[in-house]
Amino acid sequence: MSSLPEVMLAESWTEDIDPTGYWMSEKLDGVRAYWDGHNFYSRQKIRYHAPKFFRADLPNTPLDGELWCGRGQFQKCVSIVKKKDANVSEEEWKYVTFLVFDAPSHKGLYEDRVKYLHTVIDSTKDTTYASVVGIKKCKGKEHLDETLKSVLKVGGEGVMLRLPRSKYEHKRSNNLLKVKKFFDEEAKVIGYRAGTGRLTGMMGAIECELPNEKVFHIGTGFADSQRTHTGKPKIGQVVTFKYQELSNNGHPRFPVFLRVREDVTWEDVLENYKKNPPFSATQKVVPQLKKDHTLLFSAVTSRDDEGKKVKSDANNDSDEDILKADKKTKVLPMCKYGEKCYRNNKEHLESYSHPPRVNPKTTKTNEETKYEEKPKPTAQPEGNESDSDSDNTLPLISNINASISDESTLPLDDIPKFKCVKMDEESDSESDDNEQALISAAEWRKVLKRISQLESQVFQLQTAFDNPTNKRAREADEEEEYGKKKPRYQ
């Protein structure tokens, strides 16, 4: 299938690139797959023989993604998707999910392509074995490091960074960057592999042995001068290499040559191995193949034994919570006014903690009633106060989850949770039917603006009252009026 276009490949992220503003997603340890609208193909244009049920709900437009069986299941995934025709197992393919991260034929910017993916893939259906990979905006280097640490902690491979408002390029592109952790270790050269193609007549790779006697080969990272008969590493020499992870058999995956170690012997490496075992000395635990998964910023639906999608404990393990797991909670000093404090401005609430408030009618604290104090809203321009009420009538407040439909800049979360009831006009008491009143968005903004003005006036009055000069003046007036100085209020 030479007519198939090339997929976009990622460059490696480096420390000199500021990740702020990039879109982050989890780097998948699956098999890259291009969906042409009818079948799946590898980067080398080799067809994957997916069963008909797996392809049934996919759109007839090209998609770029990975066939994935879960974290740590790369080798199992390869064994499933590379089987051909009669050897294809439909039961095994039920463990596979097509995780989609781009739409190659869509001409829009990245954000538009992601929106498009959500319109053509309905991952809630039992018959759909595809899902869109979740993304999140990166806030900076610290946020990226935290995310990478969280992914690695749960057995993930790394993080992908996507340049915002970027086009899809059918080549290796700086619009897509991969962020991975590498391990550096030492190995002993025990042999060579001959080069092919451009490297014919030169060294293609070196055979190496780890201190635990695992044998592997390194074929990348060499300059041409290091592949010649006189320039290549000698048998018995110690070399330093880097790699990304271990295979299920404990062999380094994607090893890259770094340098020859002239300053150490193999005996030194073996001695250090006993004192400080490297990562390759750890026994890799291969997770059990299953039908429920978690994925950073994503919801990969689980399936029961009959193949129906269900909610499971694994899916409830929010990856958002993983990101927050290592954050230290900031301890705030207690406000001296305690539960009687009336201030609700943002600066005060972020600087001091307050005890739970008790609702006298329910005897429940604000924690129990899900009451959350918010910063006071910004007053709207007076020109907006005359908005039409016809389409903005909202029930208050017990069912306040609806949204204000006009162009109000007031966030709905900033609305205090007050109960609004219909009053008896004659007795000024609550009516028996306790019918909820209705109020328009424009009227609600007026109420909030007035509350904001009153709060400002109260704050100004208290500030003036606590001013030392004003206190002395009040004491002098009291002494003149009563003939003696009254004791100060404690």
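The structure is a predicted model, in which local features need pLDDT of at least 70, side-chain atom pairs count only at pLDDT 80 or more, and totals for chains, interfaces and linings use all residues. Residues are numbered from 1 along each chain as its sequence is written, and side-chain values use heavy atoms, with hydrogens and water left out.

The chain holds eleven helices and 22 strands; helices (H or I, at least four residues) and strands (E, at least two) are DSSP runs, numbered from the N terminus. Of its 490 residues, 39% are buried, where buried means under 20% relative accessible area, exposed over 50%, and partly exposed in between (1.4 Å probe, protein chains only). Accessible areas come from the Shrake-Rupley method with a 1.4 Å probe, and for residues only the protein chains shown count as cover. Contacts (heavy atoms within 4.5 Å) also tell something about the fold: among those between residues at least 6 apart in sequence, 64% join residues at least 24 apart.

Charged side chains come next. Side chains of opposite charge can pair when their charged atoms come close. Searching the whole structure gives 19 salt bridges, each being a side-chain nitrogen of Lys or Arg within 4 Å of a carboxyl oxygen of Asp or Glu. One of them joins Lys-27 to Glu-157, with the closest N and O atoms 2.6 Å apart. This pair links distant parts of the chain, 130 residues apart: Lys-27 sits in strand 2 (residues 23–27), and Glu-157 in the loop between helix 5 (141–153) and strand 10 (158–162). Lys-27 is buried at 15% relative accessibility, and Glu-157 is buried at 10%. Another salt bridge pairs Lys-94 with Glu-91 (3.6 Å, N to O); here Lys-94 is partly exposed at 27%, and Glu-91 is partly exposed at 43%. Glu-209 and Lys-188 also meet in a salt bridge, at 3.9 Å from N to O. They lie 21 residues apart and link distant parts of the chain, Glu-209 being in strand 13 (residues 203–209) and Lys-188 in strand 12 (residues 183–194). A network of salt bridges connects Glu-15, Lys-141 and Asp-145.

On the surface, Tyr-342, Val-458 and Phe-459 form a nonpolar patch with about 270 Å² of accessible area together. Patches are made of residues with over 30% relative accessible area and no salt bridge; like charges are joined within 9 Å, and nonpolar side chains (Val, Leu, Ile, Met, Phe, Trp, Tyr) within 5 Å. Val-458 belongs to helix 10 (residues 441–466) and is partly exposed at 41%.

Finally, the backbone: most residues other than glycine have a negative phi. Arg-165, which is not a glycine, has a positive phi of about 55°; Arg-165 is exposed, at 61%.
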